[in-house]
Amino acid sequence: MHECQINLLQYLRSKTQVDVDSFDADVPYADQFAPVSTGVPGCVDGTSNPAEIYCEMIKPRHDDLIKEVLAFSTKVKSEFPTLRLEELAFEVMAIRLAFLIIPNITGAVHVMANPCYSYHTEKIVETGKHPTFDTNRLVIKVAATWEGLQACRELALCRIKSLATTVFTMEQVVLVGEAGCVSMSPFVHEAKAHFDENDRYSDEMPLLRLCVQAQQFYKKRSINTKVKACATLSVNEILQLAGVDALTIMPDDLENLQKGTGCVRLVENQSLFGDNSIPDDSDYPSYLDDESTYRLDFSRSGQGKGQYKLMQLAQVLAIFSDFQFKGEEFMKAHQKLLG
């Protein structure tokens with residue numbers, strides 16, 4: 001390799017924590033990108049959402065695991081009287097899939113709380129406290145609604161770690177930090193970008209700069225919340241975010257980074273971090289105990305663009321909720337087959 005050339009994945013890891021967006025233990029990162037046994041730094045955290053859990057759990061290779069999960073869920077159901085059996089089973093399945101990838105990462109696994117409860121603080125808190133798994137290496141993903149972030153606040157008091165997902169505005173960024181989340185995930189693109197079968201999605205203003213603003217905001221105030229960007233659509237966007245605290249990357253993009261090379265100087269110049277033209281946007285009030293001000297400022301964010309962000313948030317939650325329902329119906333159908 002020419003002396004000015006560098007492997008893109010190696011470069012990215014020198015700037016940013018690299019996480020994998022998958023609970024598939026057999027994707028290439030398992031033996032190419034994060035072989036813990038070799039001592040080579042690889043993917044740190046693993047993360048998922050209900051769509052990924054559903055698409056993984058329906059694979060025939062998990063048939064025996066489905067039976068085990070249903071048997072376990074039936075056994076412990078009396079401990080969770082407010083949950084339907086299929087709901088509990090889907091939650092347990094997500095945890096079981098999460099821990100299948102533990103040998104391939106060095107950090108934590110992230111499992112999303114039921115998105116159908118994204119506007120129900122008590123339900124989210126209850127999910128975070130479910131004692132069906134070892135929480136030492138687990139982080140609960142919670143939608144960054146007002147109710148969700150109030151739940152994160154309560155979970156933090158119980159020393160339960162949470163990640164705020166579906167972040168689109170600086171108002172959310174502020175409240176996430178106040179709520180005590182260990183990390184947060186700005187969506188660079190709308191979730192529908194990853195579910196557009198006709199490839200008609202177009203976004204002229206991906207939220208790359210929000211990742212920079214959020215990180216500047218936290219560091220200036222010594223807030224411990226880390227920015228874990230997600231929902232990128234290209235290697236180019238990933239390289240623009242080199243320097244962010246962490247990046248959640250799809251397996252295909254990890255493979256493209258592993259295969260890619262570039263001139264060090266040119267690659268480094270792509271990063272938005274260190275760009276002094278991106279404002280700090282530091283003049284925000286405390287939102288933690290002021291719901292009305294938070295909702296008003298969110299809706300007015302970006303000279304009225306916050307209303308569109310509210311629709312984006314609702315859209316993401318609708319997509320994830322749909323896969324939550326599919327997963328529960330899948331479990332329900334298998335329970336009937338098992339008698």
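**Strand pairing and surroundings**

Modeller: Strands β7 (residues 183-186) and β8 (residues 226-229) run parallel, joined by two bridges. Two strands pair if DSSP finds at least two bridges between them. Helices (H or I, at least four residues) and strands (E, at least two) are DSSP runs, numbered from the N terminus. This is a predicted model: local features need pLDDT of at least 70, side-chain atom pairs count only at pLDDT 80 or more, and totals for chains, interfaces and linings use all residues. Residues are numbered from 1 along each chain as its sequence is written, and side-chain values use heavy atoms, without hydrogens or water.

S183 has K226 of β8 as its bridge partner. β8 also pairs with β9 (residues 246-249), again parallel, over two bridges.

Now D21. This residue sits in the loop between β2 (17-20) and α2 (29-33). D21 lies 226 residues from L247 in sequence, yet their C-alpha atoms are 9.3 Å apart. Beyond four places in sequence, D21 contacts (heavy atoms within 4.5 Å) T47, S48, E52, T248, I249, M250 and P251. D21 counts as buried because its relative accessibility is 12%, and buried means under 20% (exposed is over 50%, partly exposed in between; 1.4 Å probe, protein chains only).

Last, the cysteines. The whole structure has zero disulfides (cysteine sulfur pairs within 2.5 Å). For C152, the nearest cysteine sulfur is that of C181, 3.7 Å away. C152 is buried at 0% relative accessible area; C263 is buried at 18%.
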